[in-house]
Amino acid sequence: MRPVTLRTARLELSLPRESDVAAIYEACQDADTQRYTTVPSPYEHRHAEEFVPRVAAQWDEGVHLTWAMRDGDTLAGMIGLYRLDGAGRGELGYWVSPWSRRRGFITEASRAVLDWGFAADGPDLERIEWYAVAGNTASARSARAVGFRYEGLLRAGIAGKNGREDAWLAALLRADERTPQLWPVLAD
Ligand SMILES: CC(C)(COP(=O)(O)OP(=O)(O)OC[C@H]1O[C@@H](n2cnc3c(N)ncnc32)[C@H](O)[C@@H]1OP(=O)(O)O)[C@@H](O)C(=O)NCCC(=O)NCCS
């Protein structure tokens, strides 16, 4: 698949590039990113160097599609559609750089990625899933804010750095209203 650039009011979403390596390395030192995502831990400089060409190769394969989120010249994070199954299903995943958090960036970027993921001239998905380690409230609130509906607890559903852990599953269908829904695992 050809990489596409997406634009929102404040962000550009585009292919990670070599000039991002220092910021990726810095951002991936964050404890929550290491705890809740699949980035290696400890995160070494070579991991960031290897990540950039790997993302480009993955776009070619069309199964894992990752964008760098750019706030001007600042690397605000990474977002992607993962494990596209070729039959209308994919998964949303993301991290925001510690210095760019709590500014609504993931909400803004997710909406653009979801619109493109569901579009007939994009991957034309019908269902986009979201998984998180149970208890990752910040990610759950981010998913809920863009319309994901909570579907349940997957016991020992995620393999991470702490072995298998319970996971929360939510999903958004192309036809769903994007209005935030009640999530039983979120208090407010
Ligand atoms: C989760 C994460 C992506 C949120 O990014 P962000 O840009 O700061 O989020 P936003 O500012 O767009 O806020 C989105 C929602 O999350 C909530 N939120 C964000 N950070 C939060 C926190 N630390 N605690 C509680 N809620 C939080 C916001 O209040 C907002 O919810 P609301 O609309 O109901 O008020 C970011 O904290 C992160 O990168 N965490 C580590 C990596 C990670 O967990 N990735 C997801 C793996 S499943």
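In what order do the elements of the protein run from the N terminus on? I began there, keeping in mind that this is a predicted model. Reading from the N terminus, I noted β-β-α-α-α-β-β-β-α-β-α-β-β. My tally for the secondary structure is 5 helices and 8 strands.

**Overall shape**

I looked up the radius of gyration next. The protein has 16 Å, and because a compact globule with 188 residues would come out near 16 Å, the value agrees with that expectation. Along the principal axes, I found the C-alpha atoms filling a box of roughly 40 × 40 × 30 Å.

**Contacts and burial**

I then turned to contacts with a separation of 6 or more, and 62% of them join residues 24 or more positions apart. Of the 188 residues, I noted 48% as buried.

**The core**

Which residues have the most contacts inside the largest nonpolar core? I wrote down Leu 13, Ile 24, Met 69, Ile 79, Trp 130 and Phe 148, in a core of 49 residues. Helix H4, residues 105-118, gives this core its largest share, with 8 residues.

Leaving out residues up to four places away in sequence, I found Ile 24 touching Tyr 43, Ala 48, Phe 51, Val 52, Leu 75, Met 78 and Trp 95.

**Surface and charge**

For the charges, I counted 23 positive and 27 negative, and their mean positions lie 4 Å apart.

Notes. Residues are numbered from 1 along each chain as its sequence is written. This is a predicted model: local features need pLDDT of at least 70, side-chain atom pairs count only at pLDDT 80 or more; totals for chains, interfaces and linings use all residues. Side-chain values use heavy atoms; hydrogens and water are left out. Helices (H or I, at least four residues) and strands (E, at least two) are DSSP runs, numbered from the N terminus. The radius of gyration is taken over C-alpha atoms; the globule rule is 2.2 Å times the number of residues to the power 0.38. Buried means under 20% relative accessible area, exposed over 50%, partly exposed in between (1.4 Å probe, protein chains only). Contact means heavy atoms within 4.5 Å. Lys and Arg count as positive and Asp and Glu as negative; His and the chain ends are not counted. The place of a charge is taken as NZ of Lys, CZ of Arg, CG of Asp or CD of Glu. A nonpolar core is a set of buried Ala, Val, Leu, Ile, Met, Phe, Trp, Tyr and Cys residues joined through side-chain atoms within 4.5 Å.
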